[in-house]
Amino acid sequence: MDFLALMKEKAKANKKVIVLPESFEKRNLEAAAECIKDGLAEIVLIGNKEKIMEAAGSFDVSDAIFVDPENYERMDEMVAGLAEARKSKGMTLEEARKLLLDDSMFVGVMLVKMGVADGMVSGAIHSTADTLRPALQILKTAPGTELVSSFFIMVTKTPEYGDDGILLFADCALNQNPTPAELACIAGDSAKSYAAFVGKEARVAMLSHSTMGSAKHADVTKVVEAVKIAKEKYPEIKLDGEIQLDAAIVKEVGELKAPTSPVAGKANCLVFPDIDAGNIGYKLVQRFGNAEAFGPVLQGIAKPVNDLSRGCSANDIVAVVTMTAVQADVMGK
């Protein structure tokens with residue numbers, strides 16, 4: 001069974017409720033119809049039911065859960081909850097109600113906050129900032145996490161790397177130039193995410209253009225410091241660096257360049273030094289290696305909220321909904 005098929009089986013086994021707040025957008029409606037038909041998740045759509053059904057056209061979303069802020073029976077509760085979450089910024093009940101009537105993103109996050117939904121997927125027509133802002137303002141970060149970051153699960157055609165060709169790449173989409181402390185946080189959260197999604201123990205490589213002191217530069221020093229912090233903070237995780245990509249995943253190179261490392265030559269979780277390296281790296285593997293890239297999945301938020309590329313397809317949305325449902329199941333345990 002391939003990775004996405006396995007995720008779909010997990011999602012079906014413990015069906016979750018996922019909000020698609022971009023509820024009039026065609027790709028979202030096509031994805032919603034498929035998720036409902038295949039039993040991957042219960043889908044919440046935000047807005048007037050008749051208008052959404054009209055926008056859906058031939059896509060059958062009639063079994064979705066429709067939440068219309070204009071007449072939602074729990075609207076007063078939602079308004080009060082948003083005002084409470086933003087009281088430090090002086091938000092009034094009137095301001096909260098107006099925001100919820102105007103912005104489906106805030107409605108979606110509040111539905112997750114209230115427990116009506118287990119997670120949210122957005123970004124087909126909104127920026128990452130528009131997706132993250134309400135999530136961080138209302139849900140905030142998960143306990144023990146200082147940073148929200150992102151990862152891709154890469155399913156490659158090279159079974160000798162990672163676990164049968166499956167690796168996690170982070171952070172490829174969110175943090176531009178993380179500090180050593182932030183890199184360490186990304187490493188710790190990525191190890192947990194790998195175990196949750198793939199079901200295997202993470203072996204984390206903190207990547208650099210240097211392996212164990214082979215080069216001297218401020219960029220190398222940053223990764224060295226990150227490794228030190230991560231080893232102190234997460235002693236239970238198999239983690240090492242700074243290390244070059246080939247030494248991280250190729251057995252022979254790892255044995256040559258880092259013979260005492262617990263992860264060299266067998267890493268399955270790759271932490272890139274900055275977003276440029278991560279974004280370029282995952283796209284190179286995806287395009288040249290014909291790998292499947294599942295994500296970006298966000299980690300570090302108190303409840304699952306995931307971002308889409310604005311160039312996504314309906315199939316991409318289905319995949320992210322599926323992974324969000326699995327993520328919600330894992331986080332709920």
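**Exercise 1. Decide whether L284 is buried, partly exposed or exposed, and place it in its helix and patch.**

Step 1. L284 has 43% relative accessibility, so it counts as partly exposed. The classes are: buried under 20% relative accessible area, exposed over 50%, partly exposed in between (1.4 Å probe, protein chains only).

Step 2. L284 sits in helix α12, residues 275-288. Helices (H or I, at least four residues) and strands (E, at least two) are DSSP runs, numbered from the N terminus.

Step 3. Together with I280 and F288, L284 makes a nonpolar surface patch of about 360 Å² accessible area. Patches take residues with over 30% relative accessible area and no salt bridge; nonpolar side chains (Val, Leu, Ile, Met, Phe, Trp, Tyr) are joined within 5 Å, like charges within 9 Å. A salt bridge is a side-chain nitrogen of Lys or Arg within 4 Å of a carboxyl oxygen of Asp or Glu. Areas come from the Shrake-Rupley method with a 1.4 Å probe; for residues, only the protein chains shown count as cover.

The model is predicted: local features need pLDDT of at least 70, side-chain atom pairs count only at pLDDT 80 or more, and totals for chains, interfaces and linings use all residues. Residues are numbered from 1 along each chain as its sequence is written, and side-chain values use heavy atoms, without hydrogens and water.

**Exercise 2. Find the strand order of the open sheet and its edge strands.**

Step 1. The order of the six strands is β8-β7-β9-β6-β5-β10, with mixed pairing. Two strands pair if DSSP finds at least two bridges between them.

Step 2. β8 (238-243) and β10 (292-299) are the edges, each pairing on one side only.

Step 3. Follow β7. Parallel pairing joins β7 to β8 over five bridges, with M206 bridged to G241 of β8. β7 (203-207) also pairs in the parallel sense with β9 (269-271), over three bridges. There, A205 stands opposite L270.

Step 4. Check β8 for burial. Five of its six residues are buried, so β8 is largely enclosed by the rest of the structure.

**Exercise 3. Work out which strands helix α13 touches and what surrounds T324.**

Step 1. Helix α13 (314-331) packs on the sheet and touches β5 (149-155) and β10. Contact means heavy atoms within 4.5 Å.

Step 2. T324 belongs to α13. Its relative accessibility is 0%, so T324 counts as buried.

Step 3. Leave aside neighbours within four places in sequence: T324 then contacts I18, G119, M120, V121, P304 and N306.

Notes:
Axes fitted to C-alpha atoms, helices over the stretch in contact; angles between N-to-C directions.
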